[in-house]
Protein chains: 2
Amino acid sequence: MGDEQLAAPAKQQRISQRGVATRERILEAANRLMLVRGVNATTLDDVRAASQTSKSQLYRHFADKQELVRALVKYRGALVLARERGGLERLRSFSGLVRWRNALVQANSLNNGRYGCGLGSMAVELSDQDEQSRSMLSETFAEWEKLISDGLHRMRDSGALRQDADPEKLATGLMAALQGGYLLANAAHDVAPMEVALDMALDHIRSFLVEPSAESTR
Amino acid sequence: MGDEQLAAPAKQQRISQRGVATRERILEAANRLMLVRGVNATTLDDVRAASQTSKSQLYRHFADKQELVRALVKYRGALVLARERGGLERLRSFSGLVRWRNALVQANSLNNGRYGCGLGSMAVELSDQDEQSRSMLSETFAEWEKLISDGLHRMRDSGALRQDADPEKLATGLMAALQGGYLLANAAHDVAPMEVALDMALDHIRSFLVEPSAESTR
DNA sequence: CCTCAACTGGACTAACTCGTCCAGTGTAGC
DNA sequence: GCTACACTGGACGAGTTAGTCCAGTTGAGG
């Protein structure tokens with residue numbers, strides 16, 4: 001009683017050690033399986049088997065499937081934002097945006113357009129099913145867009161973008177083109193529509209450059 | 001044995017009368033339910049109850065759930081294409097495109113952005129689950145894009161669009177913006193991202209107009 | 001080396017969902 | 001009006017899935 005942790009609200013049992021690793025393993029397995037099969041089509045037994053754990057562990061770390069899914073939403077959101085931060089937080093020029101585009105296209109082309117965006121597919125599947133997941137996903141999209149719009153703000157401040165450019169709207173448009181591109185590429189099993197969509201969005205941003213011809217498209 | 005129908009491959013039982021109506025009722029119910037709950041989260045018993053029919057009828061008209069889903073893909077595809085044909089087959093000017101945009105935005109705003117596009121959500125849910133549904137959806141998207149690109153071709157032929165405009169790519173970009181807009185609007189429960197996305201795509205097309213300032217944006 | 005609690009693994013139950021089956025009904029053709 | 005068959009409705013069974021429970025194991029602190 002004396003040396004219990006006072007900071008934590010003493011929710012349930014003690015933290016762990018391997019427990020943390022187990023939880024991570026479960027999330028990682030759920031992430032893989034639910035990306036290719038979808039959330040609803042993946043059973044907890046699939047997750048259990050893929051994560052080399054057992055039922056009781058699953059239910060020790062997650063109250064039920066819904067909570068696992070919500071944890072996965074958070075997990076994927078963190079993964080995507082970390083990856084995107086790497087590619088976007090130093091964005092200062094149009095050519096940086098082109099490099100960012102190329103990286104996404106290349107990654108998607110490795111699957112021939114399959115699977116789409118981990119966040120986008122969850123958004124479609126969960127938005128009308130679990131309000132909490134929906135709002136978390138919506139916030140994650142907003143943060144992602146902010147990474148883009150921050151970069152566009154830097155470009156505008158440095159004089160690369162015209163003053164009448166609206167970084168927020170440009171970022172939303174680019175994100176929609178990305179998500180729509182993922183969707184069409186997934187349906188077609190071909191990365192091409194995603195390339196066309198991103199190029200459209202980049203062309204649109206290019207039209208706000210101070211010297212449009214000074215920057216190359218590839 | 002003698003007076004059996006010879007033309008048909010004698011697949012199953014005789015056609016019907018109310019049977020056709022029943023089948024339609026089932027599809028219509030499945031369409032409604034699966035739009036808001038998703039395909040996998042909708043049970044056949046939900047469909048049965050909503051369509052005021054019984055199990056045996058369901059299985060009389062559809063071999064199993066997968067076939068019902070495939071029929072729904074076809075059904076929705078036909079609905080969307082019919083609706084879009086009405087709005088697009090006479091498309092001859094940029095302002096027509098703006099009217100088309102406004103109709104889609106208005107329809108979506110009635111749900112505050114919810115539910116998204118019936119084809120897009122099925123594409124996300126089914127593309128990695130049923131190859132036949134995926135390819136049908138992919139073809140439907142292609143037809144939809146063709147309605148758009150045909151209109152853009154007419155605009156180019158009449159001299160409204162510049163010769164260096166690529167109707168196919170513009171149509172793909174517009175479709176991606178639309179689908180991405182639906183997705184973000186659904187996640188945000190707000191039609192705004194869809195508006196921004198479509199406006200970006202329309203701006204992009206406007207940049208290929210011969211007289212960009214001659215046509216209004218609304 | 002001992003003790004206790006966190007952790008493990010899997011057997012078990014209840015509920016759900018797909019799909020089958022069959023007895024009864026309405027209707028089209030004769 | 002009679003007969004045969006498409007159609008109806010719901011009871012039923014098999015298989016799957018979410019979630020529970022408990023006996024055994026591991027490992028850290030004393």
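I count two residues as in contact if their C-beta atoms, placed from the backbone, lie within 7 Å.

The model is predicted; local features need pLDDT of at least 70, side-chain atom pairs count only at pLDDT 80 or more, and totals for chains, interfaces and linings use all residues. Residues are numbered from 1 along each chain as its sequence is written, and chains are lettered from A in the order in which they are written.

Entry 1, B:Ala177. I listed its contacts, leaving aside neighbours within four places in sequence: A:Ala176, A:Ala177 and A:Gly180 in chain A, and B:Ala197, B:Leu198, B:Met200 and B:Ala201 in chain B.

Entry 2, chain A against chain B. I found 43 residues of chain A in contact with 43 residues of chain B. On the chain A side, α1 (18–37), α6 (118–126), α7 (131–157), α8 (167–188) and α9 (192–206) each give two or more residues; helices here are DSSP runs of H or I, at least four residues, numbered from the N terminus. α8(A) gives the most, with 15 residues.

I noted domain 1 (14–62) and domain 2 (72–211), with bounds from an automatic or database domain assignment. Their centres, taken over C-alpha atoms, are 28 Å apart. Nine residues of domain 1 are in contact with eight residues of domain 2.
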